Amino acid sequence: MKEGHMFKELKKRIEGILSSGSRNMERPQIKKNNESNIPGVYIIGDLAGAPVIKLAMEQGYNVVEHIASLPGAKGSDPHVYDLIVAGAGAAGLNAALTAKEKGLRCMVIEKNKVANTIENFPEGKWVYAEPDERPPKGKLWLDGATKENLIKRWHQIIEENQLDVRMMEPLEKLEQSNGYFDAKTSKSTPWREGMVPLLVSLG
Ligand SMILES: Cc1cc2nc3c(=O)[nH]c(=O)nc-3n(C[C@H](O)[C@H](O)[C@H](O)COP(=O)(O)OP(=O)(O)OC[C@H]3O[C@@H](n4cnc5c(N)ncnc54)[C@H](O)[C@@H]3O)c2cc1C
């Protein structure tokens, strides 16, 4: 690459970073219990402002505790999920584990791999479990560990708890009809979900 071109490229990238704080970024509106402006759709984790893994997990746990306490949280139609979680990161996995514990019929749909954000950390990166003074909530394991060990533990937990996680299946569309959400993914005809919740934890 020529020097002049390299400099232009670098300048473009630096300017992009410097102006990112003032860009008009669309963020979801979040109300009490992390419910979005669409009733029944909840936002957790990174997308809801949780800055670290432990706090993302905590949001997943707290929101499902709330959802499970709602009247009609558990449906009786075997063709309808009680809860669909979009995104198998810290928030979504802990949410799904809590849902399972509460007896909700739950499925996780994931665009890439389990814990994809952490998968993309540099090889051998130490993952910190901050804040220290706050014990992790829920069944997903968290302690200081290399990213490889953390992901290995999470896969074990998914298996032990028989979580229904569909990988390489991004959520593409969500529609409401007759009191249901139909969650359309890249692979499915819509997954049908009871009027109660959809948890979005897309990082
Ligand atoms: C370089 C780096 C280092 C970090 N180090 C630490 C650390 O040491 N300790 C710490 O606590 N935190 C750390 N963090 C922050 C931590 O990664 C986040 O707080 C955490 O991953 C948030 O979890 P989450 O579940 O909210 O989101 P994510 O982990 O981002 O999970 C979201 C998931 O949603 C999936 N997804 C996206 N779109 C779709 C779709 N349409 N359909 C289905 N699935 C979808 C993604 O593939 C992803 O798997 C670090 C972050 C970075 C970038």
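Reply: Start with the accessibility cut-offs: buried means under 20% relative accessible area, exposed over 50%, and partly exposed in between. Keep in mind that this is a predicted model.

Me: Why is Glu 101 called exposed?

Reply: Its relative accessibility is 53%. The cut-off is over 50%, so Glu 101 counts as exposed.

Me: What makes Glu 101 and Lys 139 a salt bridge?

Reply: Their closest N and O atoms are 3.9 Å apart. The limit is within 4 Å, so the pair qualifies. Glu 101 sits in helix 3 (residues 90–101), and Lys 139 in the loop between strand 4 and strand 5. They are 38 residues apart.

Me: Why is Lys 139 called partly exposed?

Reply: Lys 139 has 40% relative accessibility. That value falls between 20% and 50%, so the label is partly exposed.

Me: How do you know that Arg 134 and Glu 58 form a salt bridge?

Reply: The closest N and O atoms are 2.7 Å apart. That is within 4 Å, so the pair counts. Arg 134 lies in the loop between strand 4 (126–127) and strand 5 (145–146), and Glu 58 in helix 2 (residues 53–69), so the bridge ties together parts 76 residues apart in sequence.

Me: Is Glu 58 buried or exposed?

Reply: Glu 58 has a relative accessible area of 13%. This is under 20%, so Glu 58 is buried.

Me: How many salt bridges does the structure hold?

Reply: Five. Among them is Lys 173 with Glu 175, at 3.3 Å from N to O.

Key:
Residues numbered from 1 in each chain as written. Predicted model: local features only at pLDDT ≥ 70, side-chain atom pairs only at ≥ 80, totals over all residues. Heavy atoms only, no water. Salt bridge = Lys/Arg side-chain N within 4 Å of Asp/Glu carboxyl O. Helix = DSSP H or I, 4+ residues; strand = E, 2+ residues; numbered from the N terminus. Buried < 20%, exposed > 50% of the residue type's maximum accessible area, 1.4 Å probe, protein only.
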